Amino acid sequence: MGRITFPIGPQHPALKEPESFKITAEGERVVDADVRLGYNHRSIEAACQHRNYVRGQYLCERICGICSHIHCNTFARAVEELLDLEVPMRAKYIRTIVAELERIHSHLLWLGVAGHEVGFDTLFMYVWRDREIVQDLLELISGNRVNYGMATIGGAKMDLTPEIVSKCMEGCKLLLERTEYYKGVATTEGTFLKRVEGVGMLSQQQARELGAVGPTSRASNVPNDIRHDFPYDAYDQIQMEFEPITSDLCDVLGRTIVRVLETEQACRICLDLLPRLPEGDIQVRARPRVPEGETLVRCEAPRGELIYYMRSNGTDKPARVKVRTPSLANWPAALAMLDGAYVADVPITIASIDPCMACTDR
Amino acid sequence: MSEVAEKIMAQVREDYAGEILDATTMRRHELVFTVAPDQIVEFTEFVVQYGWWHLSTITGVDEGEEIAILYHLCGEEPPAATIRTAVPKAAARLQSITSVIPGATMYEREVHDLFGVQFEGHPRLDRLVLPDDWPEGVYPLRIEEIEKRAAKDKEEKEENG
Amino acid sequence: MEPGGELMSLFYILIFPGFAFLVAFGLFADFFDRKLVARLQNRQGPPWYQPLADMIKLLGKEDIITDHADRGIVNLVPLFGLASVAAAFLYVPLWSAEWPFAFTGDLIVILYLLTIPAFVLVLLGWYSPNPFGSLGTGRVITQLFGYEVPFALALLTPAIVAQSWQVTDLLRFQLMDTWFIAVVPVAFFVAVAALVGKLERIPFDTPHAETEIVEGPMTEYTGRKLALLKMMFQTEMVVGSALIAVIFLGGPYFPGLTTALAGTLAGPVVGFVVVLVKTLLMIFLLSLIKALFARLRIEQMVNWCLVWLTIPILLQILIILVLGAV
């Protein structure tokens, strides 16, 4: 059978952001897949080096729209480590709660997009309708649906009033119900299962070797979760049982289940932390000039492990800011999954690592 | 640094056959081992068996005369380890660790793209983030380029007033 | 035929219930389908004039023909598609069994004409320089293997029961006896499922799967040609639904009402309304199927059709033949 090479991207209905794939297919099977990244490169790391830390944090928050808070938070944590600053407990709680709400919003977004990629538009519409619950909560807390700006260097920017806390608890309870429903859909809907079961296989060995992170690796039974392994903010204050959620299915269905269960876990974490918000300040003052030093902070973004390396030189501008986003780590795994896949499965396989090109290219 | 970290650091120093130039810590969870550039593949292979099997990323830092390359590894619990090595800017060449950790391909490509470090033995050292028509030999994250850019921005600002 | 008769035939063919009525009903059916799917998906859906607005917009756009394409074929083929579907509609009896265009064997003619839209897509994809076009063409042809034989067999099963190849004879049988949906329910199920494949609707819309191959064979076409293709799909939906409504759901017959109005002028009028309602019921069924399922891959579709359509319909025909002999 003849080989045909066709492009997916940089503009394609399957892709939400520009990236260019060259898929070589023999009939309906992929024999070779190649990706060209860099369409969204904005040289944020270079830009941070001639901006002071406050402006740098503002810039880094806008690396990605979906996981903006975690960038903002991790940058703040890195500077706080360089300054040897201890952030008040209330601020840590607030940061954690916003991070978990962001995780819910990101995973629900992904579930809708996955439904759309397999032609299951009804799931897409329902999930995005329910995502509005968490978007409303985030708007209530911070005033914005994306780019919340809730973490500052020294604490949290805005406080949670008791009304906000009660509304958030109501919202999280509603989301728990809806997540139960989507758990059912993901595991029992026949045509959806046909499209995701056995698709995009990534063995545990491959996941470890290729450096996959986040739900992509957890669905291949690699129990990595930075919130659990290297706890930060208020994750060590969680009273309920908190284990990384893994699946041994190693395919797109496994990743779907992991993300839906993580959404549920995130709702429960919020319901656990919200009533126990400690009293106190939400900010401490931070000096603009940061003493010389270097630090490395890790966190668990919705897509996986996010790592910031920062080096300071005594001035108010950093000497080096290095960001490695989880989407970049998952690309080798994605390309490995495409080997031998059906052409029809290419969009859902690529979507299953939850690629964020803005994050990858920075 | 915590007791566990001290113990591990001592163990690594003891067990490693080659030469570790320096071993310190970086904040809470990081141990930093400095080795010479020609030892990097050996040391990475050695250190992976300590449970630091996950390569988080490879960072390049321009330190004036040299470019420091940092390999950030971690395992399932703290402490994590960073391997540091430095290559002279004029002859920026290093052995690739893709034979030990296949997932290093993208990170090495990025350091090559933005700092101009050649990784020998890398399966495919193409551009990662820079566009195809970017001029050869211009490495945007080297200090000279950043200073050039900052000076240009300042000039434009003064022109436009 | 008297001169008035020829003029009457022309009116039938072009205006009502022919081409103009079919296109208008096609636009309405498209709105009905989109609105229904939207409400099932918990969103508002388009206003009633949306399909008409889409047509007008498309007709006003620039018509681009790629260098790779043969101008003659690419301009003519969409017209053939629409014309064949409109011609098929002429043989669907809409208000009574006394249908002016009926003749022996018209069921076979309808089936033949309804296969032409698939070949329209094949040719258009073939003449598209885009790799998505050729991928789409391959999928259209493969999908044909899944639904074409079951669709034909499912529509011929009532013909075997009624011992005639004429659609109006099937109507008379239903008037005298029971509706075919009760006599050969398996054939009804197979006909509906095969129609979903023929119309390239979810779950069988992989030939133009938007997230995989953009629009498949139709990727490179815009303006007038795309308007004609869309109209072809809409009218095909109407013709397919009307055909199944007439053959399986009793057509213009409504228990009690038909015998009461037999012979009067109101008879055909009421019969016509009944057929329209039944056609919309079929479209409702198609929309429900669209909202419920995800899209199947091409080999999954063909396998499913083999197991759940071809085999059951063959068994159904076997049962009919055995019962008939008995």
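Strand β6(A) and strand β7 (residues 304-312) of chain A run antiparallel and are joined by 9 bridges, where strands are DSSP runs of E of at least two residues and helices are runs of H or I of at least four, numbered from the N terminus, and two strands count as paired if DSSP finds at least two bridges between them. This is a predicted model, in which local features need pLDDT of at least 70 and side-chain atom pairs count only at pLDDT 80 or more, while totals for chains, interfaces and linings use all residues. Residues are numbered from 1 along each chain as its sequence is written, and chains are lettered from A and ligands numbered from 1 in the order in which they are written.

Within this pair, Ala301(A) stands opposite Gly304(A) in β7(A). The open sheet has 3 strands in the order β6-β7-β8 (chain A), with antiparallel pairing, and its edge strands, β6 (293-301) and β8 (318-324) of chain A, each pair on one side only. From one strand to the next the twist averages 15°, angles being taken from 0 to 180 degrees between N-to-C directions of axes that are lines fitted to C-alpha atoms, for helices over the stretch in contact. Helix α3 (residues 68-83) of chain A lies across β6 and β7 of chain A and runs at about 150° to β6(A).

## The sheet of β1, β2 and β3 in chain A

Another open sheet has 3 strands in the order β1-β2-β3 (chain A), and its pairing is antiparallel. Because β1 (3-8) and β3 of chain A stand at the edges with a single partner strand each, one side of each is left without a neighbour in the sheet. Neighbouring strands of this sheet are turned by 20° against each other on average, direction ignored.

β1(A) and β2(A) pair in the antiparallel sense over 6 bridges, and Ile4(A) stands opposite Ala25(A) in β2(A). Strand β2 (residues 20-26) of chain A pairs in turn with strand β3 (residues 29-36) of chain A, antiparallel and over 7 bridges, with Ile23(A) opposite Ala33(A) in β3(A). The hairpin of β2(A) and β3(A) has 2 residues between the strands, and Gly27(A) takes a positive phi near 70° there.

In chain A, helix α5 (residues 121-142) and helix α6 (residues 162-188) pack at an angle of about 165°, with their axes 10 Å apart. α5(A) and α6(A) are therefore roughly antiparallel to each other, a term for angles over 145 degrees, with those under 35 counted as roughly parallel, 65 to 115 as roughly perpendicular and the rest as oblique. The residues of this contact divide into 13 nonpolar, 1 polar and 3 charged; Ala, Val, Leu, Ile, Met, Phe, Trp, Tyr, Cys and Pro count as nonpolar, Asp, Glu, Lys and Arg as charged, and the others, Gly among them, as polar.

In chain C, the axes of α6(C) and helix α7 (residues 167-176) come within 10 Å and cross at roughly 65°. Pro158(C), Ala159(C) and Ala162(C) of α6(C) meet Asp169(C), Leu170(C) and Phe173(C) of α7(C), where contact requires C-beta atoms, placed from the backbone, to lie within 7 Å.

## Contacts between chains

Among the 2 pairs of chains that touch, chains A and B have the most contacts, whereas no contact joins chain B and chain C, whose closest C-alpha atoms lie 24 Å apart.

The contact between chains A and C takes 23 residues from chain A and 26 residues from chain C. On the side of chain C that touches chain A, α6(C) gives the largest share, 4 residues, and by class this side has 14 nonpolar, 6 polar and 6 charged residues.
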